[in-house]
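Subject: Structure handover

Hello,

Here is the structure for you to look over. My notes on its charged pairs and its metal site follow below.

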Amino acid sequence: MFTSGERWLLELMADRARSALAAATVVVVLEERGELHVQAHSGEGSISATVIPVEGSALGALYRSGQPLALERPLPDQSAWLTELGLEAEGALMQPLMIDDVPGGMIIALRQDRGFREQDLTALGAHGARLTRQLMAERNAEVERLRYGAQSRERERERWARELHDETVQGLGVLRMQLANARDSGDPAQLDVAVKEVSEGLQREITGIRHLITELRPAALDDLGLEAALDALARRAEAVYGLHVQTEVQLTPEHERDRLDAELETTVYRIVQEALNNVSRHAEASNASITISERDGTLVAVVTDDGKGLPEEKLRNNGRGATPDPRTQEGDSPVPSGGYGLPGMRERAELVGGELALESALGEGTTLRLNVPLARRPERAAEPQL
Ligand SMILES: Nc1ncnc2c1ncn2[C@@H]1O[C@H](COP(=O)(O)OP(=O)(O)OP(=O)(O)O)[C@@H](O)[C@H]1O
Ligand SMILES: [Mg+2]
C-alpha cells in the first residue's frame with residue numbers, strides 16, 4: 001500500500017521527468033504482490049487499466065525482461081503493453097526501477113509527435129534512480145516517524161507506571177505496615193494513634209491519585225477550560241515538588257468567551273505539563289510561571305523558571321533529542337541522546353502549525369515559548385491529540 005505522501009512524491013517526480021524530457025506523458029508503474037500498479041501519471045492520455053497482473057500480460061513480460069526499451073513508431077506487436085494501459089505513442093521509452101536493489105517497477109515516457117534520442121533513455125534512467133531513492137527515503141522517514149511516536153507513547157506510559165509505583169503503591173504499603181505493627185503491638189493506645197495517622201495518610205494518597213488522574217485525562221480542560229486546567233497543573237507541581245508556580249491566561253474577549261478549539265487547548269496543556277515536569281525534575285528552580293496570551297493573531301504560551309538553565313547541547317538543538325530525530329536531514333551530525341519530552345513537545349507544536357523555542361543561560365533559568373498562528377492552523381483533527 002502506498003501512502004498519500006508516497007503518491008504525491010511519485011506524481012511530482014513524474015511531472016519533473018516529463019518536463020525534463022519534453023515528453024507528452026510519463027507513467028510510473030510499481031509492482032505489488034504480482035500486480036503492476038500505475039502509481040503516477042503525468043501528462044496526456046488517460047490510463048484505461050491501472051492494475052495489470054504481471055503474469056500473462058505484455059506489460060508484465062516487459063517488466064520481467066528487466067531491460068530498458070526505446071521504440072520509435074512501434075509496430076502493434078511491439079506496443080501491446082501500451083495498448084493494455086490504454087495509451088498510444090510515436091516514441092516510447094521504458095527504464096526498469098530498482099527498489100531496495102531488486103526490480104520493483106518501471107518508468108515510462110511517451111511522445112506523440114516524434115521519437116526520443118539515445119541520451120533521453122539515459123536521462124530517464126537517472127530520473128528513475130532519483131525517484132526510487134526518494135521513495136525509499138520517504139518510506140524510511142515514515143517508519144522512523146511511526147517508531148518514534150510509539151517509543152514516546154511507551155515512555156509516557158512508563159512514566160505513569162513509575163509514578164503510580166513510587167508515589168502510590170509505596171505510600172500505601174507503608175500505611176499498611178504501620179497498621180499491622182500497631183495491631184501486633186496489642187496496645188490499644190498505639191492502635192488508636194496508628195488509625196488516625198493511617199487515615200490521614202490515606203487522604204494524602206487519594207489526593208495524589210486525583211492529581212494523577214487529572215494529568216492523565218484533564219477533565220478540567222473539558223469542563224472548566226484551559227486556565228483552570230493549567231491552574232490544576234500548577235497546584236500539583238506545588239504540592240508534589242514544592243515549586244511555586246504563577247499562572248496567567250490573557251486571551252482576547254472572543255476566545256475568553258468561545259474557548260480555543262479543543263485540539264489547540266490540549267496541545268497547550270500537554271506542552272505546559274511537560275515543561276512543568278521538566279522544571280520540577282531538572283531545573284532545581286524555586287519559581288516558575290505559565291503565561292498564555294494572544295498577540296497579533298498568534299497564541300503565545302510561555303513557561304519560565306529560575307533554575308539552573310538548560311545544558312548547552314539541548315539549547316543548540318532547540319529541544320531535538322532522544323533517538324536521532326527522523327526530521328533531521330541526511331548527513332546532519334547525530335543529536336545528543338536525551339529524553340522524549342522536548343522532541344515530543346516540538347512534535348505537538350508542529351501538529352497544530354506552531355513552533356517551539358527555548359531560551360536559556362546557565363544559572364539563569366529557562367524559558368520555553370510556544371507560538372501558534374491562530375489563522376493559519378492546519379485542519380482540525382477529528383479527535384483532540386491526548
Ligand atoms: N527547565 C529545565 N531546566 C534545566 N534543564 C532542563 C529543563 N528542561 C529540560 N532540561 C534538560 O533537558 C533534558 C531533556 O529534556 P526532556 O524533557 O527531553 O527529557 P527528560 O525530561 O530527561 O526525559 P523524559 O521527558 O523523556 O522523561 C533533560 O534531561 C534536562 O537535562
Ligand atoms: Mg522531560
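Which side chain meets that of Glu6 in a salt bridge? Arg139 does, at 3.4 Å from N to O. A salt bridge here is a side-chain nitrogen of Lys or Arg within 4 Å of a carboxyl oxygen of Asp or Glu.

First, some ground rules. This is a predicted model, in which local features need pLDDT of at least 70 and side-chain atom pairs count only at pLDDT 80 or more, while totals for chains, interfaces and linings use all residues. Residues are numbered from 1 along each chain as its sequence is written, chains are lettered from A and ligands numbered from 1 in the order in which they are written, and side-chain values use heavy atoms, with hydrogens and water left out.

Salt bridges

The whole structure holds 13 salt bridges. Back to Glu6 and Arg139. Glu6 sits in helix 1 (residues 4-21) and Arg139 in helix 4 (residues 118-185), so their pairing ties together parts that are 133 residues apart in sequence. Helices are DSSP runs of H or I, at least four residues, numbered from the N terminus. Glu6 is buried, at 4% relative accessibility. Arg139 is partly exposed, at 25%. The cut-offs: buried is under 20% relative accessible area, exposed is over 50%, and partly exposed lies in between (1.4 Å probe, protein chains only).

Next, look at Asp120 and Arg117. Their side chains form a salt bridge of 3.4 Å, N to O. Asp120 is buried, with a relative accessible area of 5%. Arg117 is exposed, at 52%.

Then there is Lys196 with Glu200, a salt bridge of 3.6 Å, N to O. Lys196 is exposed, at 56%, and Glu200 is partly exposed, at 43%. Both lie in helix 5 (residues 188-216), four residues apart, about one turn of the helix. Elsewhere, salt bridges with shared partners join Arg111, Arg117 and Asp120 into one network.

Metal site

What coordinates the magnesium ion (ligand 2)? Glu274 (OE) and Asn278 (OD1) do, at 2.1 Å. Donors are N, O and S atoms within 2.8 Å of the metal (3.2 Å for Na, K and Ca); water is not among the atoms, so sites may look incomplete. Glu274 and Asn278 are four residues apart in helix 9 (residues 262-283), so about one helical turn separates them. Glu274 is buried, at 9%. Asn278 is buried, at 17%.

Best wishes

How values were computed:
Helix = DSSP H or I, 4+ residues; strand = E, 2+ residues; numbered from the N terminus.
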